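Here is a short tour of a model for you to follow alongside the sequence and the 3D view.

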Amino acid sequence: MRFAAAMLTAVLVVAGPAAAKRVPDEVMVRFRPGAAAEDVRRAAAGIGARVADEIPRLRVRLLKLPPGLDVDEAIDRLRRNPNVELAEPNQLFRRKGLPNDPRLNWQWGLEQIGATLAWGLTVTGAQGSPDVLIAVVDSGILSAHPDLAGKVVAGYDTITGGGNGDPDPGPGNGHGTFVASIAAAVSDNGIGMAGTAQRARLLAVKLYETGSWDASEFMIVKGVTWAVDHGAKVINMSLGSCFQLTATVVECGSPTVIGADAARDAWERGAVLVASAGNESTTQFSYPAAYPHVLGVAATNRADLPTVYTNYGGYIDVAAPGGESFLLCDPTDDIIGATSDPAEACPALGFSPSDFTTAAGTSMSAPFVAGLAAVLFGADPSRTNAEVAGLIRASADQPLGATGWNDLYGYGRINMYRALRSSAPGSLAALEVSAGITPARPQPGDAVTVVVGLRNSGTEPAGEPDAALEVSGGIDRVALEAAPAGSATTALGAGETRSWAWTFRAVSPGPVSFSAVASAVDGVTGRGLTARRDSAVVVAATRAAEGGALVPYPNPVAGDEFRLAVPLESDAAELTVFVHGAASMEPVYRATWHDLLRAEGGVVVRGVRGWAPGLYLVRARAKLAGGTTRDFAAVKVMVKR
């Protein structure tokens, strides 16, 4: 994440989740098994409400409240009824796209996730399969769009309750069409753009009134349940429960039992559920992405870095391209897609005035993952949803060279090529390459070691294994210190791993990219095999100021992490952050560069969990290159739940 220019004063309140936005006159109610229709009617009538809708499979009714009856009061009264098992507010959810007025030209997102390479594999279903149905739970899909024609099957409108076969959006609701095109636009037809899962079909589930950006949780649950009932294997939800109220205040809705139950029910029936993480640059949990059984997706920019707006934190599973320009018609840095709204379109690059546009947001990231899930189902219809979700996580790349999970990328930015290569049915020899970089955050003068691992994930030996390392960033960035010779004498057996190591000397600050390229020969077919893994580090000298104060950054999250702007001007070799309880002055936290995530303008204090509410003092000490130290005055952080 990046630090904004605006900073708070030294005393900052860390607030927990606020009350969610909700439909003011509706309540979701689950009645106990065996409750008769008359019991339901009496429970509703007892508070002056009526049953407006229902989801029989989940035993859930939507009650419309009478004027003047507060939602919380209605819930309290309903919970006293012996026939009521559960009563919850009907929260509002917001679509997670950041409209950026239209244009179509380049699909760098598909290149970033390796889709164009994956389509060239001789793997069944590498372009998706018409047997796999992706439900786009959104604003509807313009089925007559030239790049979606023939892809959209009979859909459902949660507002009217009608399965009208084609819930087309009107002007102002192009979001669903855009999302659908990223996931599965018609490809290889000489028109417009290509979809991630070229041959998959689309199921339109409409949530929003024309021109609206908000949908209730009941309608989302209703739409997801209907989609699975009607054969959807993948569910895309480009929406979330967080709202940006002001420049520094984010409000996120809380999880509900009914929302979690709907996700679990869809998962248990074999669907993969995908949801956008949200665009509020917060670690507060956004739902449905944070529900168990849902893949939460963060956004990357064209440089393969987290975008300035993406949410991050403990619920992120993977990342995918989301764009970051926010300029009119800028496919260079934003994501292109189809639109149904002439007001959003970029006529200069479409096939009619309302065909294509560009946008940025985690709404755009989620359908890349949904498309990948559809491709994996198409490549092997016998796969379970657990296997598909596991492959998506396991094959993802960590662009900054991290290993395992982190709160920015989750398990990594998705890689469609690796996912298909590592899971191709009937493969003989197959290569997987990894690249680990130590240290992950080097300083000028540090020795940087890159270990390249090569694994044969196929069923037969691979001969002549070798690896090479390509370094970009300029000779002023790195100097080759030692490089091992390749080892091509011993075959690499099925399941075996071999590694090579290179050591460099970091010279000056700046980004350094490493591309590990491995090669071998299939021991049965004699076919040449190659695999590639890209990683990067940023060589960054820390800088310490003659004076100045630490400033906690807006929107820290209680019990999780907070950001700290540090005024850095002269060269420094180390920075240490200390946190003490203000009342007792007992130390509760200490972190150095090995624990902190550096960002422009400051650091992210990570791994802070289990803090009790109260006032804390935060201070920092910079160690200068000459051996002297510089202490920053303590600032106060108030943790409030």
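**Briefing: sheet, helices and a disulfide**

An open sheet of seven strands, paired in parallel, runs in the order S8-S9-S7-S11-S15-S16-S17. At its edges stand strand S8 (152-157) and strand S17 (318-321), each with a single partner strand, so one side of each has no neighbour in the sheet. From one strand to the next, the twist averages 25°. Please keep in mind that this is a predicted model.

- Strand S7 (residues 133-138) and strand S11 (residues 234-237) run parallel and are joined by three bridges.
- In general, the strands of a sheet pair through backbone hydrogen bonds, either parallel or antiparallel.

**Helices to look at**

- How many residues of helix H5 (residues 175-184) are buried? The count is 10 of the 10, so H5 is largely enclosed by the rest of the structure.
- The buried residues of H5 include His175, Phe178, Val179 and Ile182, along with Gly176, Thr177 and Ser181.
- Ala180, Ala183 and Ala184 are also among the buried residues of H5.

**An antiparallel pair**

- Strand S2 (residues 22-31) is mostly covered, with seven of its 10 residues buried.
- Five bridges link S2 with strand S4 (residues 60-64), and this pairing is antiparallel.
- Within this pairing, Val27 has Leu63 in S4 as its bridge partner.

**The disulfide**

- Which cysteines form a disulfide? They are Cys242 and Cys252, whose sulfur atoms are 2.0 Å apart.
- Cys242 belongs to strand S13 (residues 242-244) and Cys252 to strand S14 (residues 250-252), so the pair ties together parts that are 10 residues apart in sequence.
- The count for the model comes to one disulfide.
- The link of Cys242 and Cys252 is right-handed, with 105° about the S-S bond.
- Are these two cysteines, Cys242 and Cys252, buried or exposed? Both Cys242 and Cys252 are buried.

Conventions
Residues numbered from 1 in each chain as written. Predicted model: local features only at pLDDT ≥ 70, side-chain atom pairs only at ≥ 80, totals over all residues. Heavy atoms only, no water. Pairing = 2+ DSSP bridges. Helix = DSSP H or I, 4+ residues; strand = E, 2+ residues; numbered from the N terminus. Axes fitted to C-alpha atoms, helices over the stretch in contact; angles between N-to-C directions. Buried < 20%, exposed > 50% of the residue type's maximum accessible area, 1.4 Å probe, protein only. Disulfide = S-S within 2.5 Å.
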